[in-house]
Amino acid sequence: MFGRQITLFRLLGFEVKVDFSWVFLALLVTWSLAEGFFPASHPGLAPATYWSMGAAGAAGLFASIVLHELSHSVVARHYRLPIRGITLFIFGGVAQMEKEPESPKVEFLMAAAGPVASAALAAGFYGLSVVAAGAAPVSVYGTTRYLALINGLLAAFNLLPAFPLDGGRVFRSILWHLKGNLEAATRTSSRVGSAFGLGLMLLGIVEVLTGNVVGGIWWVLIGMFLRGAASASYMQMLTRSALEGEPVRRFMTADPVTVEPGVTVRELVEDYVYRYHHELFPVADEGRLLGCVSVRQVKALPREKWDWTRVRDLSEPCGEDNTVEADTDAVEVLARMNRTGTSRLMVTERGRLVGILTLKDMLALLSLKMDLEGKR
Ligand SMILES: [Zn+2]
């Protein structure tokens, strides 16, 4: 369920996607506002009023998180950092970056933009609640008050110096600026982030033991998430620094098995798929790359057609999504594989097939490299 994403809309040219977990979270937020928060803060209203306040509060929270992430993305775009889109998931949002910022200044500005936006939203909603206090129904007052509070909390939580939260990125940019070394700065700040995560988990356990079970579990979950994110971000940075500047040629398997276009699909399955266990085969005629054929395409073809369908009729032409030039930067290719979900690419040089690149081989070499260089 987690990890499945739906594109909602585009805003200022950015794709806003929602992780499936957010649907669950939106319902949970609406419910806890309607049944818990609002009845406690504004007693004596009708249940329907609480539910509409809950729905408005959840929608407002959603919009606030989008605006927070959007502010990061706008700064990133200003400095030409590629951003894939904004994904909302259970603990907020993530603006997906494909590269590390090029300087501490860019990182600082980009990271600070989010909390600044949340603080501005908090002030705006607070202002609205002051206006609403005299003129509008108490439900409007209550909802705007809640949104002021939650945006204030979002700004504060994100400002914790716990990498990869915004505050941790600000912290990293300062270390980076002082020491001039991105790798060391990331190592220190991800350790601090990880320690914060552990602290939150311990706090959560204390809460659970003293009777606040639901609240405590939330803290434990957020702490776990933070620890995971801290080590994942550090690994990601190591991956980038290990692969940066390396052409994919170094990771590929040269002289790959190729299939002639005249071979039948039955022969392809028997003599190639079952023999080599690859998921994708280049189709080539005397060294000239014509396209590729994958197990996925074979599966889509009814079995009774296997004997008389030729590979040439099934193969896909070569393009961006299945081929890569031999001198392309490995970091770029890894990002592309991550984005498209393909784990095998044909490597070409001026239209000639020179090798096959698999995600597995890249990761294996990467792991060896990190081991030998003592970075783990
Ligand atoms: Zn942020």
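This is a predicted model: local features need pLDDT of at least 70, side-chain atom pairs count only at pLDDT 80 or more; totals for chains, interfaces and linings use all residues.
Local features need pLDDT of at least 70 and side-chain atom pairs count only at pLDDT 80 or more, whereas totals for chains, interfaces and linings use all residues. Residues are numbered from 1 along each chain as its sequence is written, and side-chain values use heavy atoms, with hydrogens and water left out.

**The zinc site**

The zinc ion is coordinated by H68 (NE2), H72 (NE2) and two OD atoms of D166, at 2.0 to 2.7 Å. Donors are N, O and S atoms within 2.8 Å of the metal (3.2 Å for Na, K and Ca); water is not among the atoms, so sites may look incomplete. Along the chain, the donors follow the spacing H-x3-H-x93-D. H68 and H72 are four residues apart in helix α2 (residues 47-78), and therefore about one helical turn separates them. Helices (H or I, at least four residues) and strands (E, at least two) are DSSP runs, numbered from the N terminus. H68 is buried, with a relative accessible area of 3%, and H72 is buried at 5%. Buried means under 20% relative accessible area, exposed over 50%, and partly exposed in between (1.4 Å probe, protein chains only).

**The nonpolar cores**

A nonpolar core is a set of buried Ala, Val, Leu, Ile, Met, Phe, Trp, Tyr and Cys residues joined through side-chain atoms within 4.5 Å. The largest holds 26 residues, of which L243, V248, V333, V347, L357 and M362 touch the most other members. Elements that each supply at least two residues of this core include α7 (213-243), α11 (330-340) and β9 (344-349). Another core, of 22 residues, lies apart from it, with L33, Y50, M53 and I65 among them. In soluble globular proteins, nonpolar side chains tend to be buried together.

**The aromatic rings**

Five aromatic pairs are found in the whole structure. Rings of Phe, Tyr and Trp (its six-membered ring) pair if their centres lie within 6.5 Å; planes under 30 degrees apart count as stacked, over 60 as edge-to-face and the rest as tilted. Two of the pairs are listed here.

| Pair | Centre to centre | Angle between planes | Type |
|---|---|---|---|
| F37 and F38 | 5.4 Å | 75° | edge-to-face |
| F38 and Y146 | 5.8 Å | 75° | edge-to-face |

F38 in helix α1 (residues 20-41) and Y146 in helix α4 (residues 138-158) are 108 residues apart, and their pair links distant parts of the chain. Both F38 and Y146 are buried, whereas F37 is partly exposed at 32% relative accessibility. Ring pairs link F37, F38 and Y146 into a cluster.
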